[in-house]
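Open the model in your viewer and keep the selection tool at hand.

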Amino acid sequence: MSKPLRNRQSCVGLHVEELPTPVLLISKPIVERNIAQLHQDVESAGLTFRPHVKTLKVLYGLPINKTALAELSQIREHVDVVLLIDHDQHIDLIEGFGYKNPWRVFIKIDVGSKRAGVPPSSARLPALVKRALASPSVSLFGFYCHAGHSYACKTTREAEDVLRNEVEGVLYAASLVPPTHSITVSIGSTPTAHVVKSIKAAAPPNVAIELHAGNFPTNDLQQVSTGLVAEDQQAIRIQVEVCSIYPERNEALVNAGTIALSKETSAFPGFGNVVEKPAWYVGRMSQEHGILVTEPGNGRFAEEEFRVGDKLRLYCAHSCITAAAFPEYYVVDEHDRVSEVWIPWKWW
């Protein structure tokens, strides 16, 4: 069980080896460096920035639905909420609620992810823009895209190409708005955020360009796979414990499986890499079991490298999903001593 028997705050000052397993560790120095680097890149590109908080808006990150709208109407009494829409039925929904003050909305643009949004080439887009501008219940804040497909990039050039497509897509959408209407176009994903300095497009006077990203403070094996970040820029590790060793098949068992690591993958084999022993990785999983394997014939033997009770750290494939599984985050300093314990805001 990962939940410590002692009070969470009593763990402050402990070395990670003294913590239970499995637990999620966040290196605060790495987080701070990653944030500072991206802010520097954004400033040098002359953009504004909208961070996501899914890993560690208030823009509601899905096209609005009836259940969420009712709940967000209460939150709206205390904070400014921006909605995403990509269909005229969303405007029907908002108008049907009869709010006195219009909701600010982004129209979501699909620039290739095929997850949500209106493609720039769709005949629906001009009609949706016209409807949004005419509706008394919404105020068109701008256009938003998210290049989730950029996670497949393996080079800086590929990421720059995706970023250019993002910019072109939202600027085309912006051209459908009268020049007297000021709007924001929001672009980004963590891979394209890493190459934001390559932006060369000029926006019209009524258009402000902002960058959004969520994974960048922590990064993960998916980000390392793109070639845009280094291994030592990963701030999240999962501490696990060796539960058994199987010399017959040259494998070891750790107490972190699908729930702790997720089934996300990267360009690296398996579901998580052992930080201290990079030749080993989680090659198979069930709900609570993680099987450490290594490539055949490389001279590595589980019985020689592991002992029952060893504590190991794993880099994960996708830190956003992995982090969602843990009830607390142990924040560590450069010496791997706990400096804080963060309790995440969870659920929907």
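UniProt positions are given in the numbering used here, feature names are shortened, and annotations may be inferred rather than shown by experiment. Note also that this is a predicted model.

Select residues 235-333. An unreviewed UniProt entry annotates this span as "domain: D-serine dehydratase-like". Its end C-alpha atoms lie 11 Å apart. By secondary structure, residues 235-333 are 13% helix and 39% strand.

Next, select helix α7, residues 221-225, and pick out Q222 within it. Is Q222 buried or exposed? Its relative accessible area is 9%, so Q222 is buried, the cut-off being under 20%. Now show what surrounds it: beyond the neighbours within four places in sequence, Q222 is in contact with Y151, E264, T265, S266, A317 and H318.

Last, select helix α2 (residues 66-75) together with helix α3 (residues 88-97). Two packed helices are described by the angle between their axes and the distance between those axes. Here the axes come within 11 Å and cross at roughly 45°, which means that α2 is oblique to α3. The crossing of α2 past α3 is right-handed. To see the contact, show side chains for K66, L69 and A70 on α2 and for L93, I94 and F97 on α3. Coloured by class, this contact has five nonpolar residues, one charged residue and no polar ones.

Methods
Residues are numbered from 1 along each chain as its sequence is written. This is a predicted model: local features need pLDDT of at least 70, side-chain atom pairs count only at pLDDT 80 or more; totals for chains, interfaces and linings use all residues. Side-chain values use heavy atoms; hydrogens and water are left out. Axes are lines fitted to C-alpha atoms, for helices over the stretch in contact, and angles run from 0 to 180 degrees between N-to-C directions. Helices (H or I, at least four residues) and strands (E, at least two) are DSSP runs, numbered from the N terminus. Angles under 35 degrees count as roughly parallel, over 145 as roughly antiparallel, 65 to 115 as roughly perpendicular and the rest as oblique. A crossing is left-handed if the near helix is turned anticlockwise from the far one by less than a right angle, and right-handed if clockwise. Contact means heavy atoms within 4.5 Å. Ala, Val, Leu, Ile, Met, Phe, Trp, Tyr, Cys and Pro count as nonpolar, Asp, Glu, Lys and Arg as charged, and the others, Gly among them, as polar. Buried means under 20% relative accessible area, exposed over 50%, partly exposed in between (1.4 Å probe, protein chains only).
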